[in-house]
Amino acid sequence: MPKYIVVTIELEVDDADQFAERARSQAVDEGWDRKEAALQFSAGNLGACAQMIFDPGESPIGCTIVECSAEEHRELDNG
């Protein structure tokens, strides 16, 4: 019987431009066209950048990634 695990990672992005550049670089390494990667992964679309960086695309051995999502928030809700 499969077991389901939800993994949550909360990030504070200190440099949005560097974070977006990392996502674009990874996208190109995975075969994306540079222009398309530049349109999709920008400092204005950090959720998409996070998905590119943290979702390996291919599931690790022994499991299946069921869903991956990212939401951008302006501030961390500490309450």
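**Notebook: cysteines, a patch and a pocket**

I looked for disulfides (pairs of cysteine sulfur atoms within 2.5 Å) and found zero. Cys-49 is in no disulfide, and the nearest cysteine sulfur, that of Cys-68, is 13 Å away. Cys-68 is in no disulfide either; the nearest cysteine sulfur to Cys-68 belongs to Cys-63, 13 Å away.

I noted that this is a predicted model, where local features need pLDDT of at least 70, side-chain atom pairs count only at pLDDT 80 or more, and totals for chains, interfaces and linings use all residues. Residues are numbered from 1 along each chain as its sequence is written, and side-chain values use heavy atoms, with hydrogens and water left out.

Next I checked exposure (buried is under 20% relative accessible area, exposed over 50%, partly exposed in between, with a 1.4 Å probe and protein chains only). Cys-49 is buried, because its relative accessibility is 0%. Cys-68 is partly exposed at 32%.

Then I looked up a nonpolar surface patch (residues with over 30% relative accessible area and no salt bridge, nonpolar side chains joined within 5 Å). Ile-5, Val-7, Ile-9, Leu-11, Val-13 and Phe-54 make this patch of about 620 Å². A salt bridge is a side-chain nitrogen of Lys or Arg within 4 Å of a carboxyl oxygen of Asp or Glu. Phe-54 is partly exposed at 44%. Phe-54 lies in helix H3, residues 46-54 (a helix is a DSSP run, H or I, of at least four residues, numbered from the N terminus).

The volume of the largest pocket is about 1700 Å³. Of its 37 lining residues, Val-7, Thr-8, Ile-9, Ser-69 and Ala-70 are the closest to the centre. H3 gives the most to the lining, with five residues.

Conventions
Patches are made of residues with over 30% relative accessible area and no salt bridge: like charges are joined within 9 Å, nonpolar side chains (Val, Leu, Ile, Met, Phe, Trp, Tyr) within 5 Å. Accessible areas come from the Shrake-Rupley method with a 1.4 Å probe; for residues, only the protein chains shown count as cover. Helices (H or I, at least four residues) and strands (E, at least two) are DSSP runs, numbered from the N terminus. On a 1 Å grid over the protein atoms alone, a cavity is a set of points where a 1.4 Å probe fits but cannot get out, and a pocket is an open set with protein on both sides within 12 Å along at least five of seven lines; lining residues have an atom within 4 Å of a point. Grid points are joined across faces, edges and corners, and a volume is the space filled by probe spheres set on the points.
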